[in-house]
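Subject: Structure handover

Hi,

Here is the structure I promised to pass on. My notes follow below it.

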Amino acid sequence: MDPQVQQAQLAAILGADPVPFETLISHLMSSSNDQRSQAELIFNLCKQTDPNTLVLKLAQLLQLSPHMEARAMSAILLRKQLTQDDSLMWNMLSPATQSSLKSILLTCVQKEEAKTIMKKLCDTISELGASILPENGWPELLPFMFQCVSSDSPKLQESAFLIFAQLSQYVGDTLVPHIKHLHGVFLQCLTTSGSADVRIAALSAVINFIQCLSSSGDRDRFQDLLPAMMRTLTEALNGGQEATAQEALELLIELAGTEPRFLRRQLVEVVGSMLQIAEAETLEEGTRHLAIEFVITLAEARERAPGMMRKLPQFISRLFAILMHMLLDIEDEPAWHSAENEDEDAGESSNYSVGQECLDRLAIALGGNTIVPVASEQLPAYLAAPEWQKHHAALVALAQIAEGCSKVMIKNLEQVVSMVLNSFQDPHPRVRWAAINAIGQLSTDLGPDLQVQYHQRVLPALASAMDDFQNPRVQAHAASAVLNFSENCTPDILTPYLDGIVSKLLVLLQNGKQMVQEGALTALASVADSSQEHFQKYYDAVMPYLKAILVNANDKANRMLRAKAMECISLVGMAVGKEKFRDDAKQVMEVLMSLQGSQMENDDPTTSYMLQAWARLCKCLGQDFLPYMSVVMPPLLQSAQLKPDVIITSADSDNEIESDDESMETITLGDKRIGIKTSVLEEKATACNMLCCYADELKEGFYPWIDQVAPTLVPLLKFYFHEEVRKAAVSAMPELLRSAKLAIEKGLAQGRDASYIKQLSDYIVPSLVEALHKEPDTEICANMLDALNECLQISGQLLDENQVKSIVDEIKQVITASSSRKKERAERTNAEDFDAEEGEILKEENEQEEEVFDQVGEILGTLVKTFKVSFLPFFDELSSYLMPMWGKDKTTEERRIAICIFDDVAEQCREAALKYYDTYLPFLLDACNDENPDIRQAAVYGLGVCAEHGGSVIKPLVGEVLSRLNFVIRHPNALQPDNIMAYDNAVSALGKVCQFHRDSIDSAQVIPAWLSCLPIKGDLIEAKVVHDLLCSMVERSDSELLGPNNQYLPKIVSIFAEILCGGKDLASEQTVSRIINLLRQLQQTLPPATLASTWSTLQPQQQLALQSILSS
């Protein structure tokens, strides 16, 4: 557009005549894309040219326009321009504009009659207020709001509360000084206002305000509002205003999730009212479901009010009964019996599905000790009743609570399993289906105990259910329950049943119903996977059927069938191994290659199944798979690079994310609502896992792909939409480095040298460190530390000082974050209702932290081994983080790791580490008496290291060291499996004392004592060290070892005999050949009588073994 024309246009829009401006705003709302984007362009120009006039024009429109759409639009535009734009427009306005805008907004609140616009106006005021109130930029706002609240206009009262609610969310601190006044205002309106809208707005304001109060004293001040808050709900229900009641329920659910303790003192009344609502048959389903959601939310509010709901057993029993009743809302639809795939849930109502979901959540939240007694009380009546729906409900409930109650249910397996297996004979097919479903779920949640104890009852029951040809859906489900059963099962349990199960599955493979065939395929795949080489005998019978499905199932209706056949073939191939599978593998890969080339629709399941099948074929064939990589990799990279299908709207927009696709998941981040298509994420995750799998399997063979794979996966270390994607990217990092290193060492890297590994390591290591810094999930943190440790072991000295520094800084951060998470958990133990079950859960959460500390120890060990003395300045920097880990109040794992880190420093840095002995040795000596054998092991190992490298620093302490080692060696249970590693390390350390500090000990006593402990057989690494030392001492005819008149020689020969009988485990090849030489020398030099008496002390099989070794 010509600049002059443009100037004229802007002048007209911002001029005195209101029409051009109104036209511009109406174009911004236009449904025509062109018209709208043209208008946006001009609007932005106005903003740049003359923000003051633009804002005032919008404000006038809001105040004076007769058109509702125009008023609504200007409220939205003002809010966006003033508060959401990055270049905050508010700051560009002149003080005069700012001031007149603030007063126009408040005038509009008094004038505006339309409810929807009023809400938008309140949003604009709240957001502007939130950004300028903290600097006291709007002193008139709060007085205006208090004035509205005490006016007699319900509209003004409601507006003020809407603003209060939002300000509490954004800038609660600015309201806290008015807490007294607010309390009075809230109480007054909740109790006296005649308008439901005002009461709901007040309820929202109270709940938001309570959430912004940080002190419990302040929160308690509002306790007396709770009855009035609940009345808002009950009065709405009594007045038949269910929409209002549902709004109130949603607000109360929010309160239950964030401030459950606020409800604690009146818990009985509040939960009682909610259950009453849930039981009221006259109310809408939506209302009753919300009341249930409230109680479940309270049960789930574990971090903030641990154990609180377990104190109300009478309510839990009532809630369980309500949920059981909801499971009865199910019709016997003909569609279910015809077993066409889509109708899995035919006849199930929304009541049924809410009941199902809530039983699962309730059991997970409260645990088995609370739920199992309630279930045992209520389920028998359901099972004894005549109606099929009741049997069905009992079985569905059992399956739903199994995950949360697994520990308790495992203790009562007999009762549980019998309950379910009895229903396998029920006359109604839907009940039989539910029984099979329960067995499948229990196999997952109560395995492997269930498999070990009940295979002889469960597998035959499933096998006979597969014969139910009248009810294909039952047959198919029995096959998929075999899958659940075998996933948690060892080959020895499964093998005796294979003949029967495999032959039945082969019959089902030829069934006319696709659903049955699919069930049979997944079951076969899983059985093969669990029985491994035992499956070979069925291979010839099964494979032809599988190949036939793969080749023939090629129309759209059969896509899933073909996909499952791929899965099954590849798992069978992996189970039976390369030799058996090789010939068929070629054919199968031909089919996959032709499929790969064909055009597939976006929602075709084949893609992700194919990605996994290729990877399994690679695992099976190893390096023989390399020729296929050029076919496999391009589409795999494409799937790994998929952009997540994301729709972003603002969290307060009225339009929900619409999607005809159930696979949309929504998450709310800050003020954005994000909808993500999960199928895309799953394909991406599968692809990333497969890339990792190829790198791991093919090692240097994967080298040609690194340049494409590294830039694909490294950015995904921070892919926060999906944990599986991050996990796969993390695991792949060391594999890529290893592949590059092997390829270069083996000369396969077309002219590249070690500088390529450095380049790759410089890309990967800092990215891992940075991702670790931002990682929200504790388990993935531990994975990242583990991967980082592997990368350090591979790239070693290639790291530069800055990289080491950033790793050390990150380790400090990891230790601090982990300690503060533990501290928060410890604070939970002070909650009023904290109980043993919460304690169990805390213990599990803290075990994840152990994993993090473990990895920290590993990384520091690797850094010390790699950089030795030059790492010590960093070690000094870390000491203030590591020292607390020695504390008696710390977990055994933390203390063990602290000791191991010192052991590594002493061993790797030798003289340079002597300066630390004063600080750390007292801890080490003390730890030798610890009750935990792992700590004793680390401590005595450290004493051995200090004896070897400590020279004169350790000399004065040798006596003390001996007594500590003696304590470990003479421990009454020293040789039990738990203690053997500590014992072996103590024996090894004692040997080092004999070797390096002979002049400080009574060797005539100590050396024979050491000899009497040999050979050691638990810690195979130390065994090799100790037995090598023994060998050296005999080689130089150490007189104190041989004893007066060689009296210890028979003992030494018998030790040698035991070492030789132990094969490669107890000594290195070099040591073995030295021992053999020594024994041959002894044969030649000792007098025959001595030789004979020495020989006679050996056990017969040792004599035979020695004779054959010495004569060979």
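In which loop is Pro448 found? Pro448 sits in the loop between α24 (429-445) and α25 (449-465). Helices here are DSSP runs (H or I, at least four residues; strands are E, at least two), numbered from the N terminus.

First, the ground rules. This is a predicted model, in which local features need pLDDT of at least 70 and side-chain atom pairs count only at pLDDT 80 or more, while totals for chains, interfaces and linings use all residues. Residues are numbered from 1 along each chain as its sequence is written, and side-chain values use heavy atoms, with hydrogens and water left out.

Backbone

The bond joining Gly447 and Pro448 is a cis peptide, with omega about -5°. Another cis peptide bond runs from Leu1014 to Pro1015, with omega near -5°. Pro1015 is in the loop between α49 (1003-1012) and α50 (1020-1035). Lys699 is not a glycine, yet its phi is positive, near 45°. Lys699 lies in the loop between α35 and α36 (706-713).

Second largest pocket

Its space is about 840 Å³. A pocket is an open set of points on a 1 Å grid over the protein atoms alone, with protein on both sides within 12 Å along at least five of seven lines; a cavity is a set where a 1.4 Å probe fits but cannot get out; lining residues have an atom within 4 Å of a point. Points are joined across faces, edges and corners, and a volume is the space filled by probe spheres set on them.

The second largest pocket is lined by 27 residues, and Glu601, Asn602, Asp604, Thr607 and Glu683 are the closest to its centre. Two or more lining residues come from each of α32 (578-597), α33 (606-621), α34 (629-640) and α35 (678-698). α35 gives the most, five residues. By class, the lining has seven nonpolar, 12 polar and eight charged residues. Nonpolar means Ala, Val, Leu, Ile, Met, Phe, Trp, Tyr, Cys and Pro; charged means Asp, Glu, Lys and Arg; the others, Gly among them, are polar.

Cavities

There are four cavities of 30 Å³ or more. The largest cavity holds about 50 Å³ of space. Its lining includes Leu298, Arg302, Met308, Met309 and Glu838. α16 (285-300) and α19 (350-366) each give two or more residues to this lining. The classes are seven nonpolar, one polar and three charged.

Helix packing

α4 (residues 51-64) packs on α6 (residues 95-111) at about 15°, with the axes 10 Å apart. Axes are lines fitted to C-alpha atoms, for helices over the stretch in contact, and angles run from 0 to 180 degrees between N-to-C directions. That makes α4 roughly parallel to α6 (angles under 35 degrees; over 145 is roughly antiparallel, 65 to 115 roughly perpendicular, the rest oblique).

Best wishes
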